Amino acid sequence: MQLQEINKIDIANKKIFIRCDFNVPVDEYQNITDDRRIRSALNTIRYCIDNDCAVIIASHFGRPKNGFEDKFSLKPIAKRLHTLLKTQIKLAPNVICYETIAMANELKSGEIMLLENMRFESGETKNDPELSKTLASLADVFINDAFGVSHRAHASVEGIAQYFDIDSKAAGFLLAKEIKFFYHIIEEPKRPFVSIVGGSKVSGKLEALYNLVPKVDKIIIGGGMAFTFLKALGHEIGNSLVEEELVPEALKIMDEAKELGVKFYLPVDVIAAEAFDSEAFAKAVTVQEIPKGWMGLDIGPASALLFAQALEDAHTILWNGPMGVYEMDKFAKGSTKLSHAVASSYATTVVGGGDTADLVRRTGDEDEMTFISTGGGASLELIEGKVLPGVKALIV
Ligand code: AMP
């Protein structure tokens, strides 16, 4: 697979449409609480400006329901872009309207314009060809740098690309980096390759598991999804999260791992609590001794040690999903210990998934990871072996 990349096409002096993912978290006063997604897009924007381009940027933000809503306006994002780039950002009054089109037409080389929230247009999520065509008509070149939304066939992500030929469209630096990291790690990993899969449910990660098992040397399962596997092995799991209907699938995955010689690790102990509550009485128990009516909300200390030991000889680690309910301090220890183990390993470490990225920030291990993906759903689809709709049109 060869991706068309921004530095491989001629963009000098052209008008560029860059789709970014500025869907950043904000507090109740509309203050941006984490601007990582904005900062990750700066390389591409600066590259275009350095090449004397006029730059039109588009993004979505939150989930507005019926057209323009002040609370979902990109105003705070325009301000932050201005602070980071130290240049004027012209915020359009809407996505597509007479003034926006006039602004785009008049935009000069070196200037940056930001369209309003793409999701103010109902055609965005419907991948409306009319909207895609109008957006495409604003520019000479289309750059997709919105990894976090590239698994969606939306008008400003997928539809728009159909209106540019392969020399006038490309992946921005962020998108290209994300795709390359996942491609290399999954298809050409340095071995031993260990994948850690956690999070709430097996159902959300079933396809990822099926794609990973034939590729990895070891697989470590934690979080709520571990209980479906433990149940499949005949353990009494109390009131822990379980997907009964997926017990046969869990058995199938474990059989396949066995057949392929993949080492399959499950928790040997858990932190069991009387209720799903940070104040609930909780204790560490082996998986053989989960009391009836209790629920496992984290891996236990023995599992954290076991998993850390399994990581010791790893040359590549791919981690998606926390080991427990890490949002509550009481059930965050297992995930924290594993985060430290991954961070202190000598392996290439790739973290995918919004929760896992959030977790390694909380544990202070962020700088020790080789790569942290900016997209949760998108990175999961790459692990599932899919070609993302927003990337398909950019393949040479
Ligand atoms: P996912 O979105 O599938 O990656 O799941 C992430 C969520 O799984 C986090 O919000 C965790 O709180 C939750 N989680 C992890 N372990 C457990 C568990 N043992 N029981 C219930 N929820 C869990």
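Predicted model: local features only at pLDDT ≥ 70, side-chain atom pairs only at ≥ 80, totals over all residues.
Strand S1 (residues 15–19) and strand S5 pair in the parallel sense over four bridges, and within this pairing Ile 16 stands opposite Val 141 of S5.

- Asn 144 has Ala 171 as its bridge partner in S6.
- S1 pairs with S2 as well, in the parallel sense and over five bridges; here the bridge partner of Ile 18 is Ile 57 in S2.
- Five of the five residues of S2 are buried.
- Both faces of S2 are covered, with Ala 54, Ile 56 and Ala 58 buried on one side and Val 55 and Ile 57 buried on the other.
- S2 pairs with S4 too, again in the parallel sense, over three bridges.
- Ile 57 has Leu 114 as its bridge partner in S4.

**Helix H3 and its cover**

- Helix H3 spans residues 75–85, and its buried residues are Pro 76, Ile 77, Ala 78, Leu 81 and Leu 85.
- The cover over these buried residues includes helix H1 (36–40), helix H2 (42–50), strand S2 (54–58), strand S3 (89–91) and strand S4 (112–114).
- Lys 86 follows H3 and has a positive phi, near 55°.

- Nine residues from domain 1 and 11 residues from domain 2 take part in the contact.
- The size of an interface is often given as the accessible area lost when the parts come together.
- For domain 1 and domain 2, the area buried between them is about 840 Å², with 61% of it on carbon and sulfur atoms.
- On the domain 1 side, Arg 36, Phe 147 and His 151 lose the most area to domain 2, together 62% of what that side buries.

**Nonpolar cores**

- In soluble globular proteins, nonpolar side chains tend to be buried together.
- The largest nonpolar core has 51 residues, of which Ile 179, Phe 182, Leu 209, Ile 219, Ile 221, Phe 229 and Leu 318 touch the most other members.
- Elements that each supply at least two residues of this core include helix H6 (173–187), strand S7 (193–197), helix H7 (206–212) and strand S8 (218–221). Helix H8 (226–232), helix H9 (247–260), strand S10 (269–273) and helix H13 (376–383) are also among them.
- H6 gives the largest share of this core, six residues.
- Because domain 1 (6–177) and domain 2 (189–383) both give residues to this core, it lies between them.
- Apart from residues up to four places away in sequence, Ile 219 touches Ser 195, Val 197, Leu 209, Leu 212, Val 213, Val 262, Lys 263, Phe 264 and Tyr 265.
- A second, separate core of 29 residues includes Ile 11, Ile 16, Phe 22 and Val 24.

**Open sheet and neighbouring helices**

- Six strands form an open sheet with parallel pairing, in the order S9-S8-S7-S13-S14-S15.
- Strand S9 (263–265) and strand S15 (371–372) are the edge strands, each pairing on one side only.
- S8 pairs with S9 in the parallel sense over three bridges, and the bridge partner of Ile 219 in S9 is Phe 264.
- Helix H11 (residues 333–344) lies across S7, strand S13 (316–320) and strand S14 (348–352), and runs at about 155° to S13.
- Helix H9 contains Glu 249, which counts as partly exposed because its relative accessibility is 24%.
- Leaving aside residues up to four places away in sequence, Glu 249 touches Leu 206 and Tyr 210.
- Glu 249 and Phe 229 are 20 residues apart along the chain, and their C-alpha atoms are separated by 9.0 Å.

Technical notes: Residues numbered from 1 in each chain as written. Heavy atoms only, no water. Core = buried A, V, L, I, M, F, W, Y, C linked by side-chain atoms within 4.5 Å. Buried < 20%, exposed > 50% of the residue type's maximum accessible area, 1.4 Å probe, protein only. Domains from an automatic or database assignment. Contact = heavy atoms within 4.5 Å. Pairing = 2+ DSSP bridges. Axes fitted to C-alpha atoms, helices over the stretch in contact; angles between N-to-C directions. Buried area = accessible area lost by both parts, 1.4 Å probe.
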